[in-house]
Amino acid sequence: VTSITALTGTLVTLVGGAVVTIDPNDPAQAMAVTDDQIEQTLQPNRGGAVHANFIDKGGVLWPADFHSWAMVTTFFNFEQTYLYYQKAYAGAPTDTLKGTRVLYWADFKDLTTGTDAAITDNAFWFQPIKAFVLVPFEKLQEIPFALNIGVIGHEFGHKVFNQKVFADVAVPPALSGPNQWRLRPYNLLKSMDEGFADFHGYGVTVNAPGPGPRPNFLAASIADKPAVAARDMSDDTHCMTEELRSAFENFDQNQFQGGGLQYKVGTLISTALYQAGNKTGKIEIIQNALIAAYDDESQTAGFKQTINLRLTEPTKFTPEKMTDIIAQHIGDPDLRRQVCNQLIDRLQLMCDDSVNGLPCGPTFVGQLNTPLEHCPAASARGTTPCKALPPR
Amino acid sequence: MKSFIVAMLLLAPQAHAQKKTDEGAIPYPEEEDQDDRNRRELPKKSEESPRIREETQVEEMEREQSMAHLDDPSIGLSLEMHVGVMLLDSTRGAPVDVQAMGGIRFTWEWSRTLFSDEFLREFFLVDVTWSRTQNTYGTS
């Protein structure tokens, strides 16, 4: 931290009074091409410095008002989150994660939703302007999202995902534009982004001082118990259903995201990774492997390389391919098997079934010709409470 | 003696004629000039100019005694309620945080009770004001 009152630092800088408006009728936004143009048209008012107030009591600075408390806690959450990602990067440089703006109490309007009311009670990473947006706390009466370290860890996960997988462009080509992916490949990208972010969010709660490990970190912020339970990765019963599988494969992005289904499929992914890590006590290896799998220029290509390679043939980017890339980046064979088993069951991957008859690993040891070629030969369906769904 | 009477008789018409000119008709006001009128209305004898009597010592003491407490007998106690908006310095970086406020104010001009001098009576006061606003947001 470089200024305790303005809450600026090398990692993040809090910005007050910022206004972001997504306006489909704004010709400047429609014409914006470069990342700078996109950012400037979305955010004409970039906001200014915040002013935290403190009371010096026995040499300890206590935040003096509500916003000061909230902003200091937010700043702390980002610092702790960064410490987690430093570990998860396993020695790889993390300087690119620094220097991010956090728009505190921002006025964020999305006119495409048909309302010009500013949204409230949320915290999110907004890739088009490459900033965290923390909107006013209003209706939710539990811990505001910005003060929930798991949520900040989750949102930071989106920044990491976008930076590594999509080269930090404002609008990734797989998600928008002429090469935009559709149906399952698109839905998978969104679900991965959410699931991985939840998994890292949990990792941040483990790493940070405070309330400790929280695989259901949303519970601190949301009183709606079923909504929280639906994202709780410690719940071993999260399984793909026929309805969800159908939506995952056939819904376009508006239907899929409109129903928040990227969180449902994302929870299947985060639950799989969490359960595998918990069973083996090697969750940190999964965290490292996941980060490594985001962007890997070597022969064991990462998500970024695979997505770019399949940009015009997205149907080849499957849940099996995703699983295979993760498995490829886990050195420990037992852990790799556990991760494969979890994902095979929860995402209903194509292996060991009556339709394609392929094993959930290489056809035989040393031969790599199945969708899950990097899962160990011992990988199998049926190690979790998730029952095999009937074939489509 | 005889000649004297004749002389008197000779003089008489003259005197009569003389008187006649003095007692001519009083001119109408518009024909009369200002000086004539003033002169005619002057009193025969000016009144004596009034002389102010010397003030007695008692009178002087009474005059110098302050009557301010009688003019304005208030003891200077007041209780007020106020409502309004407070423009708070914004922690979150907005130009200002506009918040509704309310409060009460008690004032006592205590010098009215202690002093009789008009200036001092209105000089000192005690003002106790309590105003309240809130800058908590969201979670209530």
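Select Cys360(A): with a relative accessible area of 2%, this cysteine is buried (under 20% relative accessible area; exposed is over 50%, partly exposed in between, 1.4 Å probe, protein chains only). The link is right-handed, at 80 degrees about the S-S bond.

A word on the ground rules: this is a predicted model, where local features need pLDDT of at least 70, side-chain atom pairs count only at pLDDT 80 or more, and totals for chains, interfaces and linings use all residues. Residues are numbered from 1 along each chain as written, chains are lettered from A and ligands numbered from 1 in written order, and side-chain values use heavy atoms, leaving out hydrogens and water.

Next, pick Cys340(A) and Cys375(A), whose sulfur atoms sit 2.0 Å apart in a disulfide. This link is left-handed at -90 degrees. Cys340(A) is buried at 0%, and Cys375(A) is buried at 2%.

Now go to Cys239(A) and Cys386(A), a disulfide with its sulfurs 1.9 Å apart. How exposed are its ends? Cys239(A) counts as partly exposed at 21%, while Cys386(A) is buried at 4%. Counting bonded cysteines along chain A, the pattern is 1-6, 2-5, 3-4.

Last stop: show chain B against chain A. Their contact (heavy atoms within 4.5 Å) takes 11 residues from chain B and 20 residues from chain A.

How values were computed:
Disulfide = S-S within 2.5 Å.
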